Amino acid sequence: MHIDVITIFPDYLAPLDLSLSGKAQGAGVLEVTVHDLRQWTRNRHRTVDDTPYGGGAGMVMRPEPWGEALDALVPLGGSSPPTMLVPTPTGRPLTQSLAEELAQVTRLLIACGRYEGIDARVVEHARSRMPVLEVSIGDYVVTGGEVAALVIIEAVVRLLPGFMGNPGSLDEESHGTGEGQGLLEYPTYTKPVTWRGLDVPAVLLSGHHAQVTRWRREQSLRRTARVRPDLLATYDVASLDPRDREVLAEEGWPGS
Ligand code: 6GU
C-alpha cells in the first residue's frame, strides 16, 4: 500500500517511522510519503488559511494550495487514483470494519486540515477525481487532522497481509471481526505467576484448554457488560449460551 499524507506539519507524522508502521515500511508492505502543503502555495508568505465567509471564529484553509496538491499527486487522466481520506470530526466514524475496507485499497491520500477545516469546495472537487471519505476518529475534537491521520494509518496498516507477525492475534481482539466479535477482549497475564501479592488466575495455569476458553469468554462478557453495555445492546443474543446468560445476569444485564 502507498499512503500520501498532505499536512502543514510534516514533523507530526514522524512517529510513523518508530511504530508498527515503521516495520511495515522496512518490509516493503507499506510506503508513506508526507508532503508539506506549503510547497503548493504561491503567495510570498506561503499562507494557507483565511477568514471564513459568513463570519465566525477561527480560520479556514484556502482551496488553492489543495487544488495544486491534488493536481500534483492525482494527475487528471492518471490511472488508478487513490482513495482520499479527510480527517474531520464531522466525518463517518472510524470503526474496525472501515479499517478493514481501507486495508483493501492500494493507495490512500490523507488530507490533514487545521484551523476550522478546509474550504468545503476541496472535497466537492476531489470527488470528481477519486473516491473521497471524510472520517472521524471519535466523538471529541482534536486540534488537527494529523493525529487522526496517525490513528487511521495505525488501524489500517496492521491489517495489511504480511504485516502482523501473528495473524491469529487479530481474531480475538476487542472490536475484531473474528471469534468473540462484538465483545471486548479478556485480560491477559504473563510471568511471574505471583507479582506484588497478586496471582495469575489459576485456570490459566491449569492446562485445560476448554476451561481457559470458557474463562476468557466469561471475562469478555463481564468486561463488556460493565464498560461497554452499548456493544451488548447490538450483540447477537442468539449466540449466547445458557452459561453466558448466567454471567450477564450476574452483571445485571437486562437482556439476559
Ligand atoms: Cl478526524 N479531526 C479532528 N480535528 N478532530 C476530530 C477528528 C478528526 N475525529 C474526531 N475528532
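Predicted model: local features only at pLDDT ≥ 70, side-chain atom pairs only at ≥ 80, totals over all residues.
The ligand sits in the largest pocket. Two elements, strand E5 (83-93) and strand E7 (132-136), each give two or more residues to the shell around the ligand. The largest share comes from E5, with 3 residues. The shell as a whole is made up of Pro87, Thr88, Pro89, Val135, Ser136, Ile137, Gly138, Tyr140, Val141, Val142, Gly144 and Ala148. By residue class, 8 of the shell residues are nonpolar and 4 are polar, while none is charged.

On the backbone side, an N or O atom of Tyr140 lies 2.5 Å from a nitrogen atom of the ligand. A polar backbone atom of Val142 is 2.7 Å from a ligand nitrogen atom. Ser136 takes part through its side chain, in which an N or O atom is 3.3 Å from a nitrogen atom of the ligand. The ligand taken alone exposes 290 Å², and the protein buries 96% of that area.

The strands that supply the shell also pair with each other. E5 and E7 run in the parallel sense and are joined over 6 bridges. Within this pairing, Arg92 has Val135 of E7 as its bridge partner; Val135 is also one of the residues around the ligand.

Two features of the backbone were noted in loops. Most residues other than glycine have a negative phi, and most peptide bonds are trans. Ser80, in contrast, has a positive phi, near 40°, although Ser80 is not a glycine. Ser80 is found in the loop between helix H2 (63-73) and E5, and E5 is the strand that gives 3 residues to the ligand shell.

Conventions. Residues numbered from 1 in each chain as written. Heavy atoms only, no water. Near = heavy atom within 4 Å. Polar contact = N/O pair within 3.5 Å; in protein donor to acceptor, adjacent residues only side chain to side chain. Areas by Shrake-Rupley, 256 points an atom, 1.4 Å probe, with all protein chains shown as cover. 1 Å grid on protein atoms, 1.4 Å probe; cavity = no way out; pocket = protein on both sides within 12 Å on 5 of 7 lines; lining within 4 Å. Sits in = over half its atoms within 2 Å of the grid points. Helix = DSSP H or I, 4+ residues; strand = E, 2+ residues; numbered from the N terminus. Nonpolar A, V, L, I, M, F, W, Y, C, P; charged D, E, K, R; others polar. Pairing = 2+ DSSP bridges.
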